[in-house]
Amino acid sequence: HHICNANLMRNGADYAVFVNTAQEFDGSDAGARPDEAVSWGKIKVDAESVKVYADASLVFPLLVAQTFAQTK
């Protein structure tokens with residue numbers, strides 16, 4: 001949440017990946033989709049963003065590993 005707010009100062013993030021299990025129907029901040037952050041200016045309109053509905057303790061290590069994976 002704080003990182004998204006900090007991006008307001010730089011006119012929005014270029015990329016965003018939201019990883020959580022919250023659903024949109026309950027109105028919580030965690031349940032918001034990336035397009036909600038676009039409407040607040042936290043993510044740029046032309047940015048690439050995605051929401052992954054999964055437990056972060058399982059998915060985050062996989063995302064980090066793939067980010068730094070070496071290809072031959």
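Guide: Let's start with R33: leaving aside its neighbours within four places in sequence, R33 is in contact with F18, E24, K51 and Y53. Contact means that heavy atoms come within 4.5 Å. Before we go on, keep in mind that this is a predicted model, so local features need pLDDT of at least 70 and side-chain atom pairs count only at pLDDT 80 or more, while totals for chains, interfaces and linings use all residues. Residues are numbered from 1 along each chain as its sequence is written, and side-chain values use heavy atoms, with hydrogens and water left out.

Back to R33, which is found in the loop between strand 1 and helix 2. Helices (H or I, at least four residues) and strands (E, at least two) are DSSP runs, numbered from the N terminus. R33 counts as partly exposed because its relative accessibility is 35%; buried means under 20% relative accessible area, exposed over 50%, and partly exposed in between (1.4 Å probe, protein chains only). R33 and Q23 sit 10 residues apart in sequence, and their C-alpha atoms are 8.8 Å apart in space.

In soluble globular proteins, nonpolar side chains tend to be buried together. Not counting residues up to four places away in sequence, A37 touches F18, K42 and I43.

K42 has a story of its own: its charged end sits over the ring of W40, 6.0 Å from the ring's centre. For that label, NZ of Lys or CZ of Arg must be within 6 Å of the ring centre and within 35 degrees of the ring normal.

F18 and A37 turn up again at the largest pocket. Its lining has 24 residues, and H1, C4, F18, D29 and A37 lie nearest its centre. Helix 1 (2-6), strand 1 and helix 2 (34-40) are the elements that give two or more residues to that lining, and strand 1 gives the most, with seven. On a 1 Å grid over the protein atoms alone, a pocket is an open set of points where a 1.4 Å probe fits, with protein on both sides within 12 Å along at least five of seven lines; lining residues have an atom within 4 Å of a point.

Now hop to the loop between helix 1 and strand 1, where you'll find N11. N11 counts as exposed because its relative accessible area is 62%. Though not a glycine, N11 has a positive phi of about 65°. Most residues other than glycine have a negative phi. R10 is found in that loop between helix 1 and strand 1 too, and is partly exposed at 42%.

Finally, zoom out: the chain has three helices and two strands, running α-β-α-β-α from the N terminus on. Of its 72 residues, 24% count as buried.
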